[in-house]
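Please read it alongside the coordinates.

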Amino acid sequence: MRHPVRLILALHNHQPVGNFDHVFEQAYVDSYRPFLDVFARYPNLKIALHTSGSLMEWLDQRHPEYVDQLAELVRLGRIEILGGPFYEPILAMIPSRDRIGQITAYRHWLKERLGADVRGMWVPERVWESGFTADVVDAGIEYTVLDDFHFKCAGVEDERLFGYMVTEDEGRVLSVFPGSERLRYLIPFADPKATIDYLAELSHRHHDAVAVFGDDGEKFGTWPNTKKHVYEDGWLVRFFDALSAQADWLHTTTFGETIDQVPPAGKVYIPDCSYREMTEWALPAQRLVEYETLSHQMHDDPRWQSLRRFVRGGFWRNFRVKYPEADEMYARMMMVSRRLHDSWESGAVDRNLEQAQRSLYRAQCNCGWWHGAFGGIYLPHLRNAIYHHLITADNLIDRAAGKNGPWVDAAADDYNFDGRQEVCLSNDKLLALIAPSMGGQLTELDVRSIGHNLGASFTRQAEAYHAKVRQGERQDHGACASIHDRVVFKQAGLDQRLQYDAYRRKSLIDLFFDADATLDAVARGAAPQRGDFVGGAYEARVRRKPQRIQVQLTRDGSASGVPLRISKAITLDAGSPMIEVAYLLENLPPNHPLHFACEWNFAGLPAGADDRFFTGADGCRLGQLGARLDLDDQTQLSLTDQWLGISVVMQCSRPTRFWTFPIETVSQSEGGFELVHQSTAVLPHWIVTADHQGRWGVSFTIRLDTSAAETRHSPEAAAAAVC
């Protein structure tokens, strides 16, 4: 006997903070606009829609007519608007106060702009921990949707996955719907009949079943090859026609209507989880290879379907272990969030703090914090956007605190929560984070005037999918398939570009090479490291004067079997956009030259463009920022990014040899495997010969000139542009 089936079609539309404007526009043209145009022609159908705040703000600015149409469809009861944290952060990534703040702020925005009474929310990337329940309910949310995988991990039987259940934390009760993985893979890739047949099976097995499709709206036009499939080949029209033709038993509805009309199927406590693929991506690369191998071996085993419900991958928070760059962003975000919270708690009321909160929320957007089928953390423009908004928030908090004019400060704390202290050296122009326990390296260098972190580099490491790169597997470019199943190479020869780093690609890295080491060998990672200073712990001491602060770092180690001491001092003056660095090597043996280098990595200055280039002391261009340079007898080297409006000028106290080379990663995105420029490595290096006291020293400065950017954004320049 056929029973009614309630089908909830929940689309999640999202573009991250920092994504290129043309990507937003293309997604609008390929997905958001055409989907709504087709849907509007079927007045008998209903959907639930979540649009992230970053995308909604862009739509409201660029295509307000689209937002107006959404508001009208909301008024007609055809679209249920789902809320969520405003700028799509992973809830596990941000403190409780920001979870509640983001969800509440977006509910208010959606009410004001769309007239939507938001009762439910979309959980970003369906990353869930049981402790979120109280925060979500406290933010005014009644229900949400996760994946059926979450419920299976809680031990819920398959036959109970066609309704909704309630969960609870600290007495707060939240209704939770299981989204169907089967529907995620059928829609929109399989013929509409396959979906109807699947739902028909449910109608025979269940009384008043609720089936939920919850997935990316970009699957309908933006994912590779889907625009032709969904619109030009008529898949969406055929799908809506098929739903309409079965209206006697198949009813499209919303979460809110279901909550109001159907009782819950029981109670469940959902373990820490995400959708299945995400739990796999969170595993370390080698563990993921083992997981995929085991899954493949077990695929045809008759026991696998029963066993796989008890098998899952890793824990989302371990992305911050898998990718130290994510941990760095998290630590910096927590610094800003804590500063803002302390400012509010002190009773301060200032428009700057309100703006700082919005910048903090934008910086919490999740896409640049992890990596799976999308480029994610491998995309520099997403990481740069995170830091831009964090630095902007920091500047606004300083302004609210009355920190005007030149100033300088230093503080030490365990900023990255690893049990060891870091040093934060800052003034009104720059902020530098130094990790004494990690080779005394400079891990972050913020240029306040343009909101840019020159230290947002990326360290190359193995990925499970690199095996496919080496094998050169390829799939037909014209095939319409899930991004999880595609193998496409956006460039040739990527197997030759795979390279892994032996240490973090940061700055102030103390290296020792053989005397005959070459640029090529160093760039390829083939030059043996002869010292033990790269990751060794340095002792740190801070020296203060009213307008000048210095961090002194010292380590006793060895190079090429020779015991020696390295001392390096980093100095910052109030009002100065310049870092001074001084090195002293002591206890050097006579007549025993050593090849010493200090590596710097400058991030966010892309290669492959003529307006990004090196210059020497004479001002002559030496090549684009992606160039390999081997320079002798230099005292100055500059890196200029005219688009960003910055020049990084390195000036040395003694004649210096410079090596430069690009740091590039091979990573996957929804479009295929690609090569991405991450940073420009600059290594001043010397053949060190001890003086009569067994010492050798050098000093240099790093000056950050942003006058071009500041002139471009000055009121006078804006007035001239208008004229």
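## Strand S21 and its partners

Strand S21 and strand S22 (residues 621-624) run antiparallel and are joined by three bridges. Strands here are DSSP runs of E with at least two residues, helices are runs of H or I with at least four, and both are numbered from the N terminus. Two strands pair if DSSP finds at least two bridges between them. Phenylalanine 613 has glutamine 624 in S22 as its bridge partner. Four residues lie between the strands in the hairpin of S21 and S22, where glycine 619 takes a positive phi near 85 degrees. S21 also runs antiparallel to strand S23 (residues 629-641), with five bridges. There, glycine 616 stands opposite leucine 637.

This is a predicted model, in which local features need pLDDT of at least 70 and side-chain atom pairs count only at pLDDT 80 or more, while totals for chains, interfaces and linings use all residues. Residues are numbered from 1 along each chain as its sequence is written, and side-chain values use heavy atoms, with hydrogens and water left out.

How covered is strand S21 (residues 612-616)? Five of its five residues are buried. Buried means under 20% relative accessible area, exposed means over 50%, and partly exposed lies in between (1.4 Å probe, protein chains only). Arg612, Phe614 and Gly616 point one way from S21. Phe613 and Thr615 point the other way.

Why is strand S18 (residues 562-573) described as largely enclosed? Nine of its 12 residues are buried, so the rest of the structure largely encloses the strand. Strand S17 (residues 548-559) runs antiparallel to S18, and 12 bridges join them. Leucine 553 stands opposite lysine 568 in S18. The hairpin of S17 and S18 has two residues between the strands, and serine 560 takes a positive phi near 55 degrees there.

S18 is also joined to strand S19 (residues 578-586), again antiparallel, by eight bridges. Isoleucine 566 faces leucine 585 across this pair, standing opposite it. The hairpin of S18 and S19 has four residues between the strands. In that hairpin, glycine 575 takes a positive phi near 75 degrees.

Strands of a sheet pair through backbone hydrogen bonds, either parallel or antiparallel. Strand S13 (residues 441-447) pairs with S14 over two bridges. Aspartate 446 stands opposite asparagine 453 in S14.

Aspartate 501 sits in the loop between helix H19 (466-471) and strand S15 (509-513). Its relative accessible area is 14%, so aspartate 501 is buried. Its side chain makes polar contacts (N or O atom pairs within 3.5 Å; within protein, one atom must be able to donate a hydrogen and the other to accept it, and residues adjacent in sequence count only if both atoms are side-chain atoms). One goes to the side chain of arginine 460, at 2.7 Å. Another goes to the side chain of arginine 505, at 3.1 Å. Neighbours within four places in sequence aside, aspartate 501 is in contact (heavy atoms within 4.5 Å) with Phe458, Thr459, Arg460 and Ile663.

Glutamate 280 lies in helix H12 (residues 276-281). Is glutamate 280 buried or exposed? Glutamate 280 counts as buried, because its relative accessibility is 12%. Its side chain has a polar contact of 3.5 Å with that of tyrosine 291. Not counting residues up to four places away in sequence, glutamate 280 touches Leu288, Tyr291 and Gly313.

## Cavities

The count comes to six cavities of 30 Å³ or more. A cavity is a set of points on a 1 Å grid over the protein atoms alone where a 1.4 Å probe fits but cannot get out; lining residues have an atom within 4 Å of a point. Points are joined across faces, edges and corners, and a volume is the space filled by probe spheres set on them.

The largest cavity holds about 70 Å³. Helix H1 (21-40) gives the most to its lining, with four residues. The second largest cavity holds about 60 Å³. Its lining residues include Glu129, Asp272 and Trp316.

How values were computed: 1 Å grid on protein atoms, 1.4 Å probe; cavity = no way out; pocket = protein on both sides within 12 Å on 5 of 7 lines; lining within 4 Å.
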